[in-house]
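Me: I am new to this structure and would like to go through it step by step. Could we begin once it is shown?

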Amino acid sequence: MCSPAPRPARPPAPRVLVIEDDARTGALLGEVLSDERYDVHIAADGAEGLAAAVAFDPHFVLLDVHLPVVHGIEVAQHLRVAEDGHQRVIIGTSGFGPPRGEPPPAFDHWVPKPIDIDQLCALLHDVWQERFADHAWHA
């Protein structure tokens, strides 16, 4: 009896670390992004987010700026220093606009709250195509 031919391995999904202190918002983002076939990990504060970034090694970090324990801007700065050649994309979120109209230097992009899910998904897809094209993943 022949065994079936092995299926080609599916490329791994992009990893998104959501660092969000509002549990409902974090859970909703996790659910929506998982439905869009992203591999999602949620952290509830800045310190937990820094630890998760090491363990989870995300492609994207969706980072609330106003966090307890370690402020989001400080988290972004730590992530930038610790990149070690990783192509991590840091996306800041806040109900307030970014300082001076542009994302702070440690951030690559800014998505205002309330988050427009279609806008976020389009951003993730576009950035994936630009920066990680060799990974051959499609949502």
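Reply: Strand S1 (residues 15-19) and S3 pair in the parallel sense over four bridges, where strands (E, at least two residues) and helices (H or I, at least four) are DSSP runs numbered from the N terminus, and two strands pair if DSSP finds at least two bridges between them. This is a predicted model, in which local features need pLDDT of at least 70 and side-chain atom pairs count only at pLDDT 80 or more, while totals for chains, interfaces and linings use all residues. Residues are numbered from 1 along each chain as its sequence is written, and side-chain values use heavy atoms, with hydrogens and water left out.

Me: Which residue of S3 is the bridge partner of Val16?

Reply: The parallel pairing of S1 with S3 runs over four bridges. Within S3, the partner that Val16 meets is Phe60.

Me: In what order do the five strands form the open sheet?

Reply: S3 also pairs with strand S4 (residues 89-94), in the parallel sense and over five bridges. Strand S2 (39-43) and strand S5 (109-112) each have a single partner strand and stand at the edges, so one side of each lacks a neighbour in the sheet. The pairing is parallel, and the order is S2-S1-S3-S4-S5.

Me: Which residue in S4 is the bridge partner of Asp64?

Reply: Five bridges join S3 and S4, and in one of the pairings Leu63 has Gly92 as its partner. For Asp64, the bridge partner in S4 is Thr93.

Me: How many of the five residues of strand S3 are buried?

Reply: Buried means under 20% relative accessible area, with exposed over 50% and partly exposed in between, using a 1.4 Å probe and protein chains only. In a regular strand, side chains alternate between the two faces of the sheet. On one side of S3, Phe60, Leu62 and Asp64 are buried, and on the other so are Val61 and Leu63. Strand S3 (residues 60-64) is therefore largely enclosed by the rest of the structure, its buried count being five of the five.

Me: Is the pair formed by the rings of Phe60 and Trp128 stacked, edge-to-face or tilted?

Reply: Rings of Phe, Tyr and Trp (its six-membered ring) pair if their centres lie within 6.5 Å, and planes under 30 degrees apart count as stacked, over 60 as edge-to-face and the rest as tilted. By this rule there are two aromatic pairs. Because the centres of the Phe60 and Trp128 rings are 6.4 Å apart and their planes are at 40°, the pair is tilted.
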